[in-house]
Amino acid sequence: MSALIFLGIVILFSFMVFFHSWTNSDEPKGQITVPDTHGENNESNQDDIPQNSVINSYGMISIPGYETLTLRSENKKQKISFNNPKENNCYFVISLYFNDGTCLWKSDYIKPGAVSKSVVLSEALNAGTYKDCILKYECFSHDASKKQLNGAETKVTLIVK
Amino acid sequence: MKKLIAAILTLILILSVSANVLADGTTTLTTTVPSATYTLNIPADQEIAFGACESDIGNVTVTDSAGFAKGKDLKVTITYDAFSSDSVNTTIPYKINPRSSENLNLNTNILYSGDHLIFRGISNGAVAKKAELEKYSVDYLNIKIASEDWGKALAGEYSSTITFTSEVVSSEN
């Protein structure tokens with residue numbers, strides 16, 4: 001009986017997740033579209049080209065910034081995660097780079113309001129203080145296309161102990 | 001037959017309980033999200049009308065800042081490349097012009113790729129929300145594209161991403 005109830009809950013949950021992702025509207029993409037008008041007289045088009053065009057941006061991205069991050073020494077598994085603020089309208093992919101350029105960790109896509117899995121480093125670090133490491137935020141549109149948007153990097157000092 | 005049915009149902013029950021345990025196990029790891037020192041707010045993206053020589057793309061600001069030591073500012077370096085397309089080999093170069101509503105005479109400044117903005121530290125351990133430009137606040141960023149570059153661009157979809165790199169630095173003055 002409990003197995004039937006469990007199966008019913010799984011089916012209902014799967015339907016809810018599918019329905020939610022299906023109804024998510026696309027966000028407008030930031031880009032330039034150059035129409036196929038080449039071959040026409042460019043001089044005659046100059047009057048039609050707006051010289052000043054103020055376009056409202058399609059939203060902002062909030063990026064959490066850090067001056068320092070504390071990590072566990074001699075251990076790849078860390079007890080920290082990183083979040084994507086709920087007010088954002090984009091996915092995050094967050095990466096942590098050592099100051100020699102080594103990628104220590106890279107997240108999966110993190111949706112707005114969600115938290116990454118616990119950080120598991122590619123290599124354990126010795127205790128110490130390491131300046132000029134990079135926490136990189138790559139941002140992607142919150143729809144099926146996952147188009148790359150503007151991004152950010154924050155220089156951090158890793159305190160490993 | 002009854003024993004076989006009972007055994008199958010028992011196996012299903014065990015598997016369903018095990019699935020619950022496995023699902024619950026992944027949520028029991030104890031992790032923390034470190035408190036951010038500041039929040040950097042950047043334009044997500046921007047749509048530029050064909051032929052537009054100037055386009056406002058919003059602003060880069062800093063909010064929720066705390067714990068900055070005295071004499072520390074936040075430096076934000078901006079890097080970008082020309083608009084490019086996957087389908088054609090022409091590019092559309094552009095420049096970023098930081099603008100102030102307070103002093104329009106400053107609106108000839110250009111932020112080339114690799115240039116930076118400074119957000120000044122203030123006495124309460126925070127930093128200013130807007131970047132400082134020659135003692136005035138930067139209120140928005142403007143993309144400038146020369147009309148001759150529009151003329152050279154082949155038809156297609158072009159895109160460009162801007163990366164904002166932030167770091168805590170010692171005040172320069």
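Is B:Glu54 buried or exposed? In this predicted model, B:Glu54 counts as buried because its relative accessibility is 18%, which falls under the 20% cut-off. Since B:Glu54 belongs to strand 2 (residues 54–58) and B:Lys144 to strand 9 (residues 140–144) of chain B, the pair ties together parts that lie 90 residues apart in sequence. B:Lys144 itself is partly exposed, as its relative accessible area is 27%.

B:Lys152 and B:Asp149 are both part of helix 2 (residues 147–152), 3 residues apart, or about one turn of the helix. Their salt bridge has its closest N and O atoms 4.0 Å apart. Here B:Asp149 is buried at 16% relative accessibility, whereas B:Lys152 is exposed at 57%. Elsewhere in chain B, salt bridges with shared partners link B:Glu54, B:Arg99 and B:Lys144 into one network.

Over all chains, the count comes to 9 salt bridges.

Turning to the backbone, most residues other than glycine have a negative phi. B:Glu134 has a positive phi, near 50°, and lies in the loop between strand 7 (132–133) and strand 8 (136–137) of chain B. B:Lys135, found in the loop between strand 7 and strand 8, also has a positive phi, of about 75°. B:Lys135 counts as exposed because its relative accessibility is 64%.

Notes. Residues numbered from 1 in each chain as written. Chains lettered and ligands numbered in written order. Predicted model: local features only at pLDDT ≥ 70, side-chain atom pairs only at ≥ 80, totals over all residues. Heavy atoms only, no water. Helix = DSSP H or I, 4+ residues; strand = E, 2+ residues; numbered from the N terminus. Buried < 20%, exposed > 50% of the residue type's maximum accessible area, 1.4 Å probe, protein only. Salt bridge = Lys/Arg side-chain N within 4 Å of Asp/Glu carboxyl O.
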